[in-house]
Amino acid sequence: MEKITEEIVNIGVNDRDITLFEGQYEVKKGMAYNSYVILDEQVVVMDTVDPHVTAEWLKNMEEALGSRKVDYLVIQHMEPDHGGSIMQLIERFPDVKLVGNAKTFQMFHQFFDISSSTASWRSSLARSAMTTF
């Protein structure tokens, strides 16, 4: 975790274990998964991280948040390096609003099985699909 300013905290994770990005690009020094918390009147998280490093990311997020909750999650795109930990964030903050573009929400079901999710999650997704860039 790294404080950029009083309001912006880098909660991303460096993955030194990965040797191939997206299964094809050699990364000799690992991969940095960027994710930020913006602490303002409402709290915004910018992207999540690859599922391989979710635990460390959640620890960083909890440290940055203190007692605050996440109001919005901005999803740049659905590939796992940006969206791989979305469900874990939603489990912790079921009222979070998802923000993304129209393609984000069209692709959501390709990455996550929400058929067994709670009613509040389904309702959150329906509301969030209206919040697009």
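Start with G66. Just after helix α1, G66 takes a positive phi of about 65 degrees. Helices here are DSSP runs of H or I, at least four residues, and strands are runs of E, at least two, both numbered from the N terminus.

A word on the source. This is a predicted model: local features need pLDDT of at least 70, side-chain atom pairs count only at pLDDT 80 or more, and totals for chains, interfaces and linings use all residues. Residues are numbered from 1 along each chain as its sequence is written, and side-chain values use heavy atoms, with hydrogens and water left out.

Now α1 itself. It has twelve residues. From first C-alpha to last it reaches 16 Å, close to the 16 Å expected at 1.5 Å a residue, that is, 1.5 Å times one less than the number of residues.

Which residues of α1 are buried? T54, W57, L58, N60, M61, A64 and L65. Buried means under 20% relative accessible area, exposed over 50%, partly exposed in between, with a 1.4 Å probe and protein chains only. Seen down the axis, the buried residues of α1 fall within an arc of 160 degrees, so they line one face. That arc is taken from the directions from the helix axis to the C-beta atoms. The face turned away carries exposed A55, K59 and E63.

What covers the buried side? The cover includes β2 (8-10), β3 (13-15), β7 (36-39), β8 (43-46) and α3 (86-92).

Take N60. Its relative accessible area is 6%. Leaving aside neighbours within four places in sequence, N60 is in contact (heavy atoms within 4.5 Å) with M1, I11, G12 and V13.
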